[in-house]
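Here's a quick briefing to read with the model open beside you. Take it topic by topic and find each part as you go.

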Amino acid sequence: MNKPLICNFSILRELRKQHDLSIAQLSERSGVAASVISKLERNCHTAEMETLFRLARVFGITLSDFISLAENRTSHRVNSERYASGDFIFDRVDYGNMRAMHAVAHAGAKLSAPSLHRDDYELFWVLKGQVRFTLPGEVYELSAGESIQFDALLPHTCEALTDCEIIITHLKKGKRF
């Protein structure tokens, strides 16, 4: 019985092609033998951290990012959760490094709950309608198609000036997709 792959290093071939490198060129730049690179790309060989580190550096990524790309799971699927916060109705999906929310509200609805926020960056995007968005010392009236990005820990409020539909995305600081 075949043991399942923990990491799929065929991603190495994709990275190499994106950077327009041959196996020989990657070998020369990384100091990793061409035969090892070839075997890694075909998942016929395991590698030590030093080898993976050298390969990652050629592509300008960290070792942890390289290993994350090679993790055998290529997608993450979750179901949305519906809930109400203030006068807004939300559908939310959560992942390890981000949270995305779709919300609808009627004119006059207000929302303010920064105490619930994590240490994230927040993107607030108006899809339909108009909202008043308040940060310390700043007030914005955003219309459909406009967005604002800010530190989610800052105190902030949102008021629907008309019936509205919004997207809110929280991205953990220091994380990448």
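How many bridges join β5 to β10, and in which sense do the two strands run? There are eight bridges, and β5 and β10 run antiparallel. Keep in mind that this is a predicted model.

**Strand β10 and its partners**

- Strand β10 covers residues 164-172 and is mostly covered up, with seven of its nine residues buried.
- Strand β3 (residues 98-105) pairs with β10 over eight bridges, in the antiparallel sense.
- If you want to spot that pairing by eye, look for A100, whose bridge partner in β10 is T169.
- Strand β5 (residues 120-128) and β8 are joined by five bridges and run antiparallel.

**Two helices that meet**

- Two packed helices are described by the angle between their axes and the distance between the axes.
- For helix α1 (residues 11-18) and helix α5 (residues 63-70), the axes come within 9 Å and cross at roughly 115°.
- Where they meet, I11, L12 and L15 come from α1, while F66, L69 and A70 come from α5.
- Sorted by class, that contact has six nonpolar residues, no polar ones and no charged ones.

- R92 is part of strand β2 (residues 88-94).
- Is R92 buried or exposed? Its relative accessibility is 17%, so R92 counts as buried, the cut-off for buried being under 20%.
- Leaving aside neighbours within four places in sequence, R92 is in contact with several residues, including N79, Y83 and M101.
- N79 is found in the loop between α5 and β1, and at 70% relative accessibility it counts as exposed.
- N79 and D94 are 15 residues apart in sequence, yet their C-alpha atoms are 8.7 Å apart in space.

**Salt bridges**

- Side chains of opposite charge can pair when their charged atoms come close.
- The count for this model is twelve salt bridges.
- One of them links R92 with D94, with the closest N and O atoms 3.2 Å apart.
- D94 also forms a salt bridge with R99, and there the closest N and O atoms are 2.5 Å apart.
- R99 is buried, with a relative accessible area of 15%, whereas D94 counts as partly exposed at 32%.
- Another salt bridge joins D119 and K173, whose closest N and O atoms are 2.7 Å apart.
- D119 is in the loop between β4 (110-111) and β5, and K173 is in the segment after β10, so this pair ties together parts that are 54 residues apart in sequence.
- D119 counts as partly exposed at 44% relative accessibility, and K173 is partly exposed too, at 27%.
- Salt bridges that share partners also join E81, R92, D94 and R99 into one network.

Terms used:
Residues are numbered from 1 along each chain as its sequence is written. This is a predicted model: local features need pLDDT of at least 70, side-chain atom pairs count only at pLDDT 80 or more; totals for chains, interfaces and linings use all residues. Side-chain values use heavy atoms; hydrogens and water are left out. Helices (H or I, at least four residues) and strands (E, at least two) are DSSP runs, numbered from the N terminus. Buried means under 20% relative accessible area, exposed over 50%, partly exposed in between (1.4 Å probe, protein chains only). Contact means heavy atoms within 4.5 Å. Axes are lines fitted to C-alpha atoms, for helices over the stretch in contact, and angles run from 0 to 180 degrees between N-to-C directions. Ala, Val, Leu, Ile, Met, Phe, Trp, Tyr, Cys and Pro count as nonpolar, Asp, Glu, Lys and Arg as charged, and the others, Gly among them, as polar. Two strands pair if DSSP finds at least two bridges between them. A salt bridge is a side-chain nitrogen of Lys or Arg within 4 Å of a carboxyl oxygen of Asp or Glu.
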